[in-house]
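Thanks, everyone, for making the time this morning. I would like to take you through one chain, starting with its overall make-up and then moving to a few individual residues.

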Amino acid sequence: MKPKTGCPQSPVSWLDGWRVQDSEDTSNSNSWTPGIHLAGFKVGSIHWDDEDGTNADSAGGTLPDGTYNSNTDIFYCCRSDGGVNREILLPIDKPFYLIRYTAGCQLVKHMDVREEMLHFDTEDSFNKDSCSGSHPYDATNCGHNHELHFCYYTKQTAPLLSVFG
């Protein structure tokens with residue numbers, strides 16, 4: 001997921017791509033965290049059973065490994081080689097997202113973090129939503145619909161200095 005401010009550029013340039021995902025048409029219940037920082041809703045193995053009738057899925061740019069046709073499959077590489085409370089080093093020149101894998105958001109040195117959520121209302125009829133292997137945390141337990149949690153990182157604000165020493 002890409003924040004509204006774009007992807008970090010230092011020390012590496014992150015690639016950019018997009019996917020329009022046509023979710024359920026009837027009584028749609030997609031939802032997200034108020035004030036979410038995503039640059040649009042370009043969703044980037046979880047299987048989404050996208051809308052069956054008049055499906056408008058499309059894609060472009062550089063995408064993660066997956067299958068992008070009338071349904072969506074995205075393949076993930078998840079790490080669990082350290083605790084989420086152990087700070088890691090990542091580029092901090094711009095805000096960015098990490099997808100939550102287990103309990104809580106990973107601490108990143110010199111960054112504040114806010115957890116944000118996207119609820120995907122997928123196909124209602126004969127739904128085949130699923131997950132396999134290691135995948136991002138899904139609050140629906142990979143049942144009908146998906147609810148993914150994202151960790152949004154921004155530079156830490158400088159602490160206020162006391163005038164009393």
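Before I place anything, a word on terms: when I say strand, I mean a DSSP run of E that is at least two residues long, and the strands are numbered from the N terminus. Please also keep in mind that what you see is a predicted model.

Of its 165 residues, 36% count as buried, and the chain exposes about 9500 Å², of which carbon and sulfur atoms supply 55%.

Let me turn to the interior. In soluble globular proteins, nonpolar side chains tend to be buried together. Here the largest nonpolar core is made up of twelve residues, among them I46, W48, Y97, L118, F120 and F150.

C142, which belongs to the largest core, touches D129, S130, C131 and H135, if we do not count residues up to four places away in sequence.

Is Q106, to begin with, buried or exposed? Q106 is found in the loop between β7, at 96-99, and β8, and it counts as buried because its relative accessibility is 17%, where the cut-off for buried is under 20%. The side chain of Q106 reaches the backbone oxygen of R86 at 2.5 Å, and, leaving aside neighbours within four places in sequence, Q106 is in contact with G83, V84, R86, I88 and Y153.

K128 sits in another loop, the one between β8, at 111-120, and β9, at 130-131, and since its relative accessibility is 58%, K128 counts as exposed. Leaving aside neighbours within four places in sequence, K128 is in contact with H47 and D49. Finally, K128 and N71 are 57 residues apart in sequence, while their C-alpha atoms are 9.9 Å apart in space.

Terms used:
Residues numbered from 1 in each chain as written. Predicted model: local features only at pLDDT ≥ 70, side-chain atom pairs only at ≥ 80, totals over all residues. Heavy atoms only, no water. Buried < 20%, exposed > 50% of the residue type's maximum accessible area, 1.4 Å probe, protein only. Areas by Shrake-Rupley, 256 points an atom, 1.4 Å probe, with all protein chains shown as cover. Helix = DSSP H or I, 4+ residues; strand = E, 2+ residues; numbered from the N terminus. Contact = heavy atoms within 4.5 Å. Polar contact = N/O pair within 3.5 Å; in protein donor to acceptor, adjacent residues only side chain to side chain. Core = buried A, V, L, I, M, F, W, Y, C linked by side-chain atoms within 4.5 Å.
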